[in-house]
Amino acid sequence: MIAVLRPTQQIRAARRLIESLPGVELLTDLSWFEVVQAWGMLCRISIDSINCELVPPETEWWVTLQRGYPYGKIVFYPAKVNGLTSTFPHQQYNGREHPSAPWRTGDICVRSPVFTFGKLALDPDPLGHPNRLAWYFGRAIEWLKTAADGNLLAKGDPFELPAFPLGTNSQYTVAHGESAETYCRWKTAQHRYGTAEIIAVGQPDNHLVAVRRFFDHRGQELLTYDWGRVVASSKKLMQPAVWLYCQTLPIIKPYHAIGSWEDLFKYLRTEGCEDSFKGALDLIRDGETHLLLLGFPIPARIGDEPQQLHWQPIRLPVISHGTQFANGFRPNGLGYWMRDKAKSFPSKGQPNWQTSENWSREETSVRGRINEAISGRSSLIIGVGAVGSVVSELLVRSGAGPLVVCDGDDVHHGNLCRHLLRLDDIGRNKADAVAIRLSSANAHADVRSIANHFPPKDESDVAMIEGCDFVFDCTGDDGILQELARHEWGREKFFCSISLSYKAKRVYVFTAWSFTFPIAEFQSQMPPCSKKDLDEFSGEELVQAGVGCWHPAFPARVDDIWMLAAAAVRRMEEAVVAKENQPRLVVFEQIDDGGVFQGIKRS
């Protein structure tokens, strides 16, 4: 017997409440829509519209609720019949009908921007409240009134790109690296079209590509993005793209992304770019498919001046090439163009929009980055064992500048219980393996390795470390500190020595700005800490690493090391930003109460 799916009591109660809301009329009862795994009902919403052509006084909506209501998603879709047909700001592209549901695709955003976190403390959405659906209807009514007033984009609001109707086959994600700095360069460029060098990123089947360089139509280089080592040196070249620089958003008011070739050509003529588009096509008449990057300037906030360029990609069809000219036209550019308009770009055909992502340093780090006093400078990490590999990872992922990692040891299986490397790294040099791993951490990572113990002997290695601004010692080896003190650095460096106590109960973070490592200050500040360690663990038997010749291992759990390494990086950042002018040792210690972890304490 097939179980009959019925709405929960909470959903039925929410539906009954809607019947009493002013301006809302329930047109159908709840129905289950398998395609979206949600209950749906058709409603009519009435408002006093001041612009009936833009927003009619009455519009019909399909409202869907997930089974977990009053939790889960609530979505408002314009109905196929008597629903909105235009696309507005804060709405998904509404130019298509859902293939298997009675609504259009343009669900409206009535939620707070922080709704995506799904936490009650961050969002006015009454998540879990039985009246949550009524709250959504109130927001939807306000959205419609504001849309009718033409005020969905208010001055000072964060800028929001229109929702582009993505293609349905071979969807690419195209990464670019635009910023305020590159926009200044584009504003002075003399040309409005050309080609772009595209490389594949990641696995072959993920259709992820990145733009590396731009050229004008004569092949002269205009701009190269400041990518990290992996992207900058990649050999995975794709078919070149063509680019076209316009001045305004490719939309039809109110905020409807262009959805047909006919409308795109109208836009290009308005922009004065149709000839540039024709010129761009002449650069790729090779019988292959290519991407078109349509560029336009955007602001950070509504009403502000533009601050960067955005590239929205279109996957072009194969265009006329060879002897493929329009009938009745000479075998020249016009013959190609006339055939293109008829065959490749039919007026009602839809541009195959692709996904665009901005991978600039500024955009990549909006989730959190290290202080700019560190992010623009290079670091040397000496020793990339358990501590050094974690410190290196934290620096790279938080947006620190180029890294040089130095270690003469190879990876052994015993290292993997606390190391960020993997089984297939066994036998490799630690520095080489860490550099390979971290160079792929993000598109801007630049990590180089020295596969020898400090100090290096090779001239190129010596030059590499002397170019670093920060020097981290993560070896826990007093002999390395002596080498740091003897080395002639040539200019002032920031030194940071990070070492752990036995069993990683404490981390010792010694920092100093100096022309050489201040070994005397380090030796004067460390003895009390060392004595405390000896007193605590003097009676314990050291752990042996394997059978055979007795060799002690350093006992510490991976979570202890990662936690204390993170504290050390925060302490390093503090010392750099404050520009502390005296060598200083800071200790972070784990605190427990009867075996119950309480946190870490700074001393």
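In the predicted model, helix H10 passes helix H11 in a right-handed crossing. H10 comprises residues 386-397 and H11 residues 430-439; their axes come within 11 Å and cross at roughly 25°. With angles under 35 degrees counted as roughly parallel, H10 and H11 are therefore roughly parallel to each other. On the side of H10 the contact is made by Ser389, Ser392, Glu393 and Val396, and on the side of H11 by Val434, Arg437 and Leu438. Classified by residue type, the contact of H10 with H11 contains three nonpolar, two polar and two charged residues.

The contact of H1 with H2 has six nonpolar residues, with no polar and no charged ones.

These helices belong to a chain with 16 helices and 26 strands. The C-alpha trace spans about 85 × 70 × 55 Å along its principal axes. The chain has 603 residues, of which 48% count as buried. Considering contacts between residues at least 6 apart in sequence, 64% join residues at least 24 apart.

Aromatic side chains were examined next. A pair of aromatic rings is described by the distance of the centres and the angle of the planes. The structure holds 36 aromatic pairs. One of them is formed by phenylalanine 214 and tryptophan 311, which are stacked, with 5.1 Å from centre to centre and 25° between the planes. This pair links distant parts of the chain: phenylalanine 214 belongs to strand E8 (residues 208-216) and tryptophan 311 to strand E14 (residues 308-315), the two residues being 97 residues apart. Phenylalanine 214 and tryptophan 311 are both buried. In a further pair, phenylalanine 495 and phenylalanine 517 have ring centres 5.7 Å apart and planes at 80°, so the arrangement is edge-to-face. Phenylalanine 495 is placed in strand E21 (residues 493-500), whereas phenylalanine 517 occupies the loop between strand E22 (506-514) and helix H14 (519-525), 22 residues apart. Both phenylalanine 495 and phenylalanine 517 are buried. Phe214 and Trp311 also take part in one aromatic cluster, together with Trp186, Tyr225, Trp227, Trp243, Tyr245 and Trp359.

Attention then turned to backbone geometry. Most residues other than glycine have a negative phi, and most peptide bonds are trans. The bond joining tyrosine 69 and proline 70 is a cis peptide bond, with omega about 15°. Proline 70 is situated in the loop between strand E4 (58-66) and E5. Histidine 129 lies in the loop between strand E5 (74-78) and helix H2 (132-149). In sequence, histidine 129 and tyrosine 69 are 60 residues apart, and their C-alpha to C-alpha separation in space is 9.0 Å. With a relative accessibility of 39%, histidine 129 counts as partly exposed.

Another cis peptide bond runs from lysine 253 to proline 254, with omega near 10°. Proline 254 is located in the loop between strand E11 (251-252) and strand E12 (256-257).

Positive phi values were found at alanine 504, where phi is near 55° in a residue other than glycine, and at lysine 579, where phi is likewise near 55°. Alanine 504 is part of the loop between E21 and E22. The place of lysine 579 is in the loop between helix H16 (558-578) and strand E25 (584-593). As regards accessibility, alanine 504 has a relative accessible area of 0% and is buried, whereas lysine 579, with a relative accessible area of 66%, is exposed.

Key:
Residues numbered from 1 in each chain as written. Heavy atoms only, no water. Axes fitted to C-alpha atoms, helices over the stretch in contact; angles between N-to-C directions. Helix = DSSP H or I, 4+ residues; strand = E, 2+ residues; numbered from the N terminus. Parallel < 35°, antiparallel > 145°, perpendicular 65-115°, else oblique. Left-handed = near helix turned anticlockwise from the far one by under 90°. Contact = heavy atoms within 4.5 Å. Nonpolar A, V, L, I, M, F, W, Y, C, P; charged D, E, K, R; others polar. Phe/Tyr/Trp six-rings, centres within 6.5 Å; stacked < 30°, edge-to-face > 60°. Buried < 20%, exposed > 50% of the residue type's maximum accessible area, 1.4 Å probe, protein only.
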